[in-house]
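Please examine the sequence and the three-dimensional structure shown below.

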Amino acid sequence: MHNFHFTPESSKSEKYATLLPQLQMLLRGDADLFVANLANVSAVLKEAFGWFWVGFYLVDKTQENLILNAFQGTLACTRIAKGRGVCGQAWAQNRVMIVPNVNEHPDHIACSSLSQSEIVLPLYNRHGQIIGVLDVDDTELAQFDETDAEYLSQICTMLTRELNVPEMCQPLVAAV
């Protein structure tokens, strides 16, 4: 993966267009390393856009909760119930959610009071089942728009297509 050289004049679309082919090459290199690839995608997005928090939550084996997985950023909520908060609502409603002001969103879960805006996108397996979500937060209001939704959706589709996605994601449990 190359360092990204964006000019201050680079538009959001130009940044994404630069990232997409590089992410695809990265993912194809180690398709069996699902969590490692999620971690790298999180790191690339955070580095390229300077967002506050970027990461993935995966559906647990009970199909009742999202469990924190690979991410870049500050301390995060480790478990989110289906239908709760922006992540749980995006999962339950099977849709992209753009929240310009999280303080005005019903049932927002504040993992950090610094987060002011958020976008959440479903992540699917090859059978079209939701296995998790991509969650992105920023400290600025109205940071995310339809351009982000379009390109981040492409990245989620790329993850499904390029990686050997587990059929059912399970929470990481430490051996006792």
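The following paragraphs treat the cysteines and then the cavity of this predicted model.

**Cysteines**

A disulfide is a covalent bond between the sulfur atoms of two cysteines. The structure holds 1 disulfide. Its partners are C77 and C111, whose sulfur atoms lie 1.9 Å apart. The link of C77 and C111 is left-handed, with -120° about the S-S bond. C77 belongs to the loop between β2 (65-72) and β3 (79-81), and C111 to the loop between β4 (97-99) and β5 (117-124), so the pair ties together parts that are 34 residues apart in sequence.

The sulfur of C87 is 7.6 Å from the closest cysteine sulfur, in C111, which is too far for a bond, because a disulfide requires the sulfur atoms to be within 2.5 Å. C156 is likewise in no disulfide; the nearest cysteine sulfur, that of C87, is 12 Å away. The table lists the accessibility of these cysteines.

| Cysteine | Relative accessible area | Class |
|---|---|---|
| C77 | 18% | buried |
| C111 | 35% | partly exposed |
| C87 | 4% | buried |
| C156 | 3% | buried |

**The cavity**

The structure holds 1 cavity of 30 Å³ or more. Two or more lining residues come from each of β1 (53-59), α3 (85-93) and β6 (130-138). The most is given by α3, with 4 residues. By class, the lining of the largest cavity comprises 10 nonpolar, 6 polar and 4 charged residues.

Key. Residues numbered from 1 in each chain as written. Predicted model: local features only at pLDDT ≥ 70, side-chain atom pairs only at ≥ 80, totals over all residues. Heavy atoms only, no water. 1 Å grid on protein atoms, 1.4 Å probe; cavity = no way out; pocket = protein on both sides within 12 Å on 5 of 7 lines; lining within 4 Å. Points joined across faces, edges and corners; volume = space filled by probe spheres on them. Nonpolar A, V, L, I, M, F, W, Y, C, P; charged D, E, K, R; others polar. Buried < 20%, exposed > 50% of the residue type's maximum accessible area, 1.4 Å probe, protein only.
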